[in-house]
Amino acid sequence: MIRQAKGKTPRRPPLKKPSNNQKDPVGVYCRVRPLGTEDEECCIEVISKTTIQLHAPDGLKANRNGEFKETQYSFKKVFGIKTTQRELYEDVAKPLVEDLIHCKNGLLFTYGVTGSGKTHTMTGSPGQGGLLPRSLDMIFNSISPYQAKRYVFKPDDKNGMEVQNQVDALLDRQKRDSQTNVPKTPTTRRIDPEFADMISPEEAFRADGVDEDSSYSVFVSYIEIYNNYIYDLLEETPFDPIKPKWNGVGTPLRNNTEFIPPQSKLLREDQNHNMYVAGCTEVEVKSTEEAFEVFWRGQKKRRIANTQLNRESSRSHSVFIIKLAQAPLDADGDNVLQDKNQVNVSQLCLVDLAGSERTSRTRAEGSRLREAGNINQSLMTLRTCIEVLRENQMCGTNKMVPYRDSKVTHLFKNYFDGEGKVRMVVCVNPKADDYEETLLVMRFAEMTQEVEVARPVDRPICGFAAGRRQRNQVFKEELTRRLEERGGPVNGESTTLSQLLLSFPSLPPCEIGGPNDDITLPRLIEALEKRHKIRQMMVDEYNKTANMLKSMLQEQDGNLVAKENFISEQHGRLGEKDKMIQNQKNEIDRLEKKSKMLEYKIDILQKTSNIHEEDKRTLQHELESREQRLQRELSDKRRMESRMQGIVCDTKLKWEKECERRVNAKQLEMQNKLWVKDEKLKQLKAIVTEGKSENRQPQRPSREKDKVPPKRSASPTPVPSSYNSSQSSLSSLEPIYNFSRMVRPDPSSPRPGSVSVASCISEWEQRVPQCPRQGSQSPPDSRKRVQGLPNSLGRRRGRCWAREHEVPAQPADFEADHMTVPPVRPLHRRSHSAGGERWVDHKPTTNVDLDTLMQPNLPNAIKVTAASEKALSKCDKYVLTHQEVASDGEIQTKLIKGEVFKTRGGGQSVQFTDIETLKQESPVSASRKRRSSESGPSHEGERMDGDWTDVETRCSVAVEMRAGSNLGPGYQHHGYPKRKKP
Ligand code: ADP
Ligand code: MG
């Protein structure tokens, strides 16, 4: 008979409203498996008991977002590669099993990439049993003495549990035994070698505080969620050859006799709003071995289904549900209390999730791709749910959590709503291939930790005090003992009872004397009535005392309840304080993590700034050196500029002088012409007047008559090529140019020697080579003379220059008689004084002082910067220090020496006798120079002319040239392009 109150209010509150608002974060643990081979690249490092660090593998070092190459993740605990299954169990699953025994639910996931050790962690292998076999073992170790007989607990099909009495249970057992030939005691069965030593006995755990006044039963279910369909792995599929069951996923097999694909199950909500798999097989198991065997059966079925339907097991989630039913025993301790409302069912779900890799990695195609996508979908939904939960909790929002989007999340939604403890083991494989996937797993796992789940409430199994069965037993024993003490061993009655009987008034003799004996019976009646009265009194007394005791007990009970309430209140407060402490601890943890991160960032920034500083220093250094170079170049430029300015100044001065001279010459010429014309006119006049008086003859120099001055240009003529003739002709043909005091005809003054002026000009013209362009042929003798022009570079001798004073300085020197003086005159060399020669040392101001130059040692010399007659008149030797830039860019100094002669007119003239060239040479320029000196004569000539030009230019102050002279500066400038200077 099933004693079940149908439609009765469920014992558990209809909605999960934990009486306390305490919450615990989802416990996330991380397990790092060892590498497959030791030489593989490892990208995970366990840096503390709670933290791991991920290193990007070598191939991935170029991080896109400039994120740190190392990332750290913290968990409740990290288990390194050496962690044993036992250690992991003790930390992760044992508390959940303890909870289970104490009527609390638990959910444990393994999450990670395929091959990361999820199954190893959850199931394990022989000798290395995982969390699942260990949990089963601990449960049975703890409850086996208190297990109910099979079928005493009987699951209804609505996620509830019913209780049967012993007799009904026995009947059910017999029925099952007759149907199947499963042996009654699993311990006697042969154990499958595949899972033979999943747990070694010495590693067994036991829960404390098991309520021995309760009876327990364990039920297991095993489901698989594949492609968002739920399959019952423990379903005993009846053989049905006619109508194969298939829900449309995959292709049904042709041969149904071998394999019937499982039918998918639906999720339902029970009256307590808990989700459950409708119609799912729940197998009652009585030992670890039996339970594990059932699991193994499901595992095999799963394997077969996967092979037959060509599915990958890594893409399905497997859920093993352990349900523990417990109900209080009745007062005798023989039967389970036949009250459904006193039955408590807690469950522990062990979930081996599908591999968390992305679709791309599975390389699935076609329908497989769809499957892979769905697997992702369910994991994605899990992630989304966690995210929304977290957001709701952190921001106080009330977003709907999309549990219903996938079966996995839908099935476990109650857990996240506070129906039990949730834990997750994140499995990671440190190999480099998994790095990117592992990163995602880590992020999800870290986020999961931030979700808080309401702490399950401590619920007593029933309204009875714990341990009452034992206490009852003790009480019974004590009572018996006392009674025995009272009554003693007399008549076998208890001592107490006999003593009590003795306290009654003794009965009178009850032997009746005869038929007329009227005394005995009434006396007996009286005595009995007396006894009855006493008894009644005693009963009343007893009842009174009992009532008193009862009220006392009730009072005590009330006190106790109050105390209990107080205690629970205090507990609540304590819990709140605990919670606060926990929150603060979490906050501290979070801040610590943050500060660690910031420290790391600071470190990196420090390094970066150091690098930048270094860069800055080098750049500054470079800038300084460049500035210095610039400065140097600027000063070089300035020096060059000033030199160029000097040169320009010189040239300008020279040209100004030259122009002035030419203008003067032209003026002179024109005046001369005018004079000639005047003269002619005069003569004509004379002839005309002579016609009147015949004895008058015109007076005119013969030369003047014959020679008409050729047309001449004011500009000098170019040097004919014959000028480049050999040096040998120099000495023999030394021309002596005499520069007498410059003649400046004064048109206003009368000119008695006018003829001599004209002859003077004509004589000059004879000496000057005519410009070929002007078409006039120079007379042979004049040409001969110019052949003697110097063209050697080194030393030139025998050239004579006549010096002349500058007229404007001394206008008083002008004398008319000079005009008649022939241009060439014997020179009077100044006699050397007894003290030796006296030098005029002429150094133009533009000269650069060069320390390296050999300085001429001239004692007693008069140093001048411009030639002056005064100085010349005091000396007999003249030296001009002339500087110029040679073709190779070096400064070349020339010492042009000459002797000073007195002119007949009282002026000074210098006959140049020697040119000394002093030059600094670098080896490079020397070779260049050699080359150039070996080149053709025209080249040589050009250079020589340049030299000549400059020497002449320098002497322009000291040397007066006649207008039209081809030795004037104009002649070089005209005929040859000026050499470029660097
Ligand atoms: P998953 O279920 O995540 O796909 P498995 O649990 O099947 O991965 O593990 C893959 C392989 O790695 C198995 O051969 C397993 O024995 C081994 N393995 C996983 N984790 C560990 C570990 N912690 N120690 C030793 N071997 C492990
Ligand atoms: Mg696996």
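Start by selecting residues 105–112, strand S7. Asn105, Leu107, Phe109 and Tyr111 point one way, while Gly106, Leu108, Thr110 and Gly112 point the other, and all are buried (under 20% relative accessible area with a 1.4 Å probe, protein chains only; exposed is over 50%, partly exposed in between). In a regular strand, side chains alternate between the two faces of the sheet. With eight of its eight residues buried, S7 is largely enclosed by the rest of the structure.

A quick word on what you're looking at: this is a predicted model, where local features need pLDDT of at least 70 and side-chain atom pairs count only at 80 or more, while totals for chains, interfaces and linings use all residues. Residues are numbered from 1 along each chain as its sequence is written, chains are lettered from A and ligands numbered from 1 in the order written, and side-chain values use heavy atoms, leaving out hydrogens and water.

Strand S20 (residues 420–428) runs parallel to S7, joined by eight bridges; look for Gly112 bridged to Cys427. Strand S19 (residues 344–352) also pairs with S7 in the parallel sense, over five bridges, and there Phe109 partners Val351. Pairing takes at least two DSSP bridges between the strands, and helices (H or I, at least four residues) and strands (E, at least two) are DSSP runs numbered from the N terminus.

Next, pick helix H4, residues 131–143. Here 12 of 13 residues are buried, including Arg134 and Asp137.

Last stop: Lys413, in helix H10 (residues 413–419). Lys413 is buried, at 14% relative accessible area. Show Glu269, His273, Met275 and Tyr403, which Lys413 touches (heavy atoms within 4.5 Å), not counting residues up to four places away in sequence.

Key: The expected span of a helix is 1.5 Å times one less than its number of residues.
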